[in-house]
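Here is a friendly walk through one protein chain. Have a look at the sequence and the model first, then read on.

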Amino acid sequence: MTQKQTPSQTIGPFFAYGLTPEQYGYNLTSIAAPEVASKDQAGERIRIEGQVLDGEGATVGDAMIEIWQADAAGRYAHPADSRGSNADFTGFGRVGTGTDPEQRFFFETIKPGVVGDGQAPHINVIVFMRGMLNHAYTRIYFSDEVEANAADPVLAGIPDDRRGTLIAKRDDSASEPVYRFDIHMQGADETVFFDL
């Protein structure tokens, strides 16, 4: 008997009430939230906000965004880290685009530091949404990290005309810095996605 691979199915999120319960009107506590770092966490407090846009430029109201990032010192939270755990910083966040009237996603966090292998400050992003057979991976880099971005080995591997799709633009007009990062799933401004 020959075993076959299980066929792909479109990504839900199927268990939305457990993944992003507030998006669907459930009064449940999720294991992840858009608040990635506590107010006491060391580092520059920032807000990241944006929208997920389809190939026609329309906002997607039921996408789910997850992020994972290093702290201000460039360290990822990990239980095996000998430097001790940091209960105020998980580095992980999740939010649905349906939690906001304008179908935005947002994260309250700190700006990550340079990761040890020379990568510029960045945030890893995973996009889940209906109609996709596999989730999409991308990164957020920061517009005010020009020197670090120029030396980043991942950005260096992306054609010049596509790098801008990974750069969040800083707006200092709010009480704390806001970075705008829209995710374009298709079209002329399609965000660079990575095969992992």
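## A tour of the chain

Serine 173 is exposed, because its relative accessible area is 63% (exposed means over 50%, buried under 20% and partly exposed in between, using a 1.4 Å probe and protein chains only). You'll find serine 173 in the loop between strand S7 (167-171) and strand S8 (178-180). Its side chain makes a polar contact of 2.7 Å with the side chain of aspartate 171. A polar contact is a pair of N or O atoms within 3.5 Å; within protein, one must be able to donate a hydrogen and the other to accept it, and residues adjacent in sequence count only if both atoms are side-chain atoms.

Before going further, a word on where this comes from: the model is predicted, local features need pLDDT of at least 70, side-chain atom pairs count only at pLDDT 80 or more, and totals for chains, interfaces and linings use all residues. Residues are numbered from 1 along each chain as its sequence is written, and side-chain values use heavy atoms, with hydrogens and water left out.

Now for the big picture. The chain has four helices and nine strands, where helices (H or I, at least four residues) and strands (E, at least two) are DSSP runs numbered from the N terminus. Going along the sequence, the pattern reads α-β-β-β-β-β-β-α-α-α-β-β-β. The chain has 196 residues, and 44% of them count as buried. If you take contacts (heavy atoms within 4.5 Å) between residues at least 6 apart in sequence, 71% of them join residues at least 24 apart.

Let's move to strand S1 (residues 45-53), where glutamine 51 sits. Is glutamine 51 buried or exposed? Glutamine 51 is buried, since its relative accessible area is 16%. Its side chain has a polar contact of 3.3 Å with the side chain of arginine 180. Beyond its neighbours within four places in sequence, glutamine 51 touches several residues, including Thr59, Glu102, Phe105 and Asp182.

Arginine 47 is in strand S1 too. Its side chain makes a polar contact with that of glutamate 49, at 2.9 Å. Leaving aside neighbours within four places in sequence, the contacts of arginine 47 include Phe106, Glu108, Glu176 and Tyr179.

What about the inside? The largest nonpolar core has 27 residues, and those with the most contacts inside it are Val52, Ile65, Phe105, Ile140, Ile183 and Met185. (A nonpolar core is a set of buried Ala, Val, Leu, Ile, Met, Phe, Trp, Tyr and Cys residues joined through side-chain atoms within 4.5 Å.) At least two residues of this core come from each of S1, strand S2 (64-69), strand S4 (104-110), strand S5 (122-128) and strand S6 (136-142). Isoleucine 183 is in contact with Val52, Ile65, Phe105 and Phe193, among others, once its neighbours within four places in sequence are set aside. Apart from this core lies another one, of eight residues, among them Ala120, Ala148, Ile158 and Val192.

Six of its seven residues are buried, so S5 is largely enclosed by the rest of the structure. Strands pair if DSSP finds at least two bridges between them. S5 pairs with S2 in the antiparallel sense over six bridges, and six bridges also join S5 to S6, again antiparallel. Isoleucine 126 in S5 is the bridge partner of glutamate 66, and isoleucine 126 also stands opposite tyrosine 137 in S6.

The structure holds three aromatic pairs. Rings of Phe, Tyr and Trp (its six-membered ring) pair if their centres lie within 6.5 Å; planes under 30 degrees apart count as stacked, over 60 as edge-to-face and the rest as tilted. Here are two of the pairs:

| Pair | Centres apart | Angle of planes | Type |
|---|---|---|---|
| phenylalanine 105 and phenylalanine 107 | 6.3 Å | 55° | tilted |
| phenylalanine 142 and tyrosine 179 | 4.8 Å | 75° | edge-to-face |

Phenylalanine 142 lies in strand S6 and tyrosine 179 in strand S8, so their pair ties together parts that are 37 residues apart in sequence. Both phenylalanine 142 and tyrosine 179 are buried. Phenylalanine 105 counts as buried at 1% relative accessibility, and phenylalanine 107 is buried with a relative accessible area of 1%.

Most residues other than glycine have a negative phi. Glutamine 103 sits in the loop between strand S3 (92-96) and S4, and glutamine 103 is partly exposed, with a relative accessible area of 26%.
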